[in-house]
Amino acid sequence: MRVYLPSTLSGLAGILRDRKFEPAPLTGYAVTPALREWYASADLEELEYAAMSDAARESLRLLAADPEAPSRRVVIAAEVPDEAVVHAAGDLGAPGERARVRVTQPVPFERIVSGHVDDAEAESDVRAARAASDAADAGDDDARFTVDGAAGHELLWYATQELPDLFS
């Protein structure tokens, strides 16, 4: 199953160093039955984009918790065995919850298929969004607008062999 795992550049550096994404359990986002039901008219590509967008939003929360991390969202796409993916409990009707899954084991680097990272030009919007993330989650409309400003930036695609270049 393709799973989108939220991270940060600091987290990505650890993945590259350790050659695995850990510790398990990991929060991820995937094309789940709840996402398919909610977005019934979508094809697989649109569903995967929705799951990746949810992972990018979760990356903002990780950034908010790590003031030292550079202000760039990171999402790691990985092929995870179905038996290692558990659909997360919670309000499956809520945005961001429909695609949420739990990965029950570390993801070896060989299972990572790509990385998706904000361009440096997005940093100011991501910096503002990370500061507004908690307020947006609490329902503040102005904060949601700020978070949406970061979401307006498309994540750049990197093949696994290109990921170390982000640190050069």
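A residue counts as buried here when its relative accessible area is under 20%, and as exposed when that value is over 50%. Keep that in mind while looking at this model, which is a predicted one.

Let's start with the whole chain. The protein chain has 5 helices and 9 strands, and from the N terminus on they run β-α-β-β-α-α-β-β-β-β-β-α-α-β. Its radius of gyration is 15 Å, close to the 15 Å that the globule rule gives for 168 residues, so the chain is as compact as a globular protein of that length. The C-alpha trace spans about 40 × 40 × 25 Å along its principal axes.

Now for how the chain packs. Of the contacts with a separation of 6 or more, 76% are between residues 24 or more positions apart. Buried residues make up 46% of the 168 residues.

Next, zoom in on helix H5, residues 141-151, where Ala143, Val147 and Ala150 are buried. Why do these three end up on the same side of H5? They cover an arc of only 45° around the axis, which puts them there. What covers the buried residues of H5? The cover includes helix H3 (44-65) and helix H4 (123-137).

Turn to the face of H5 that points away from its buried side, and you'll find the exposed residues Asp141, Asp142, Phe145 and Asp148. Finally, have a look at the N-terminal end of H5, which is capped by aspartate 140. One of that residue's side-chain oxygens lies 2.8 Å from the backbone nitrogen of aspartate 142.

How values were computed
Residues numbered from 1 in each chain as written. Predicted model: local features only at pLDDT ≥ 70, side-chain atom pairs only at ≥ 80, totals over all residues. Heavy atoms only, no water. Buried < 20%, exposed > 50% of the residue type's maximum accessible area, 1.4 Å probe, protein only. Helix = DSSP H or I, 4+ residues; strand = E, 2+ residues; numbered from the N terminus. Arc of directions from axis to C-beta. Contact = heavy atoms within 4.5 Å. Polar contact = N/O pair within 3.5 Å; in protein donor to acceptor, adjacent residues only side chain to side chain. Rg over C-alpha atoms; globule rule 2.2 N^0.38 Å.
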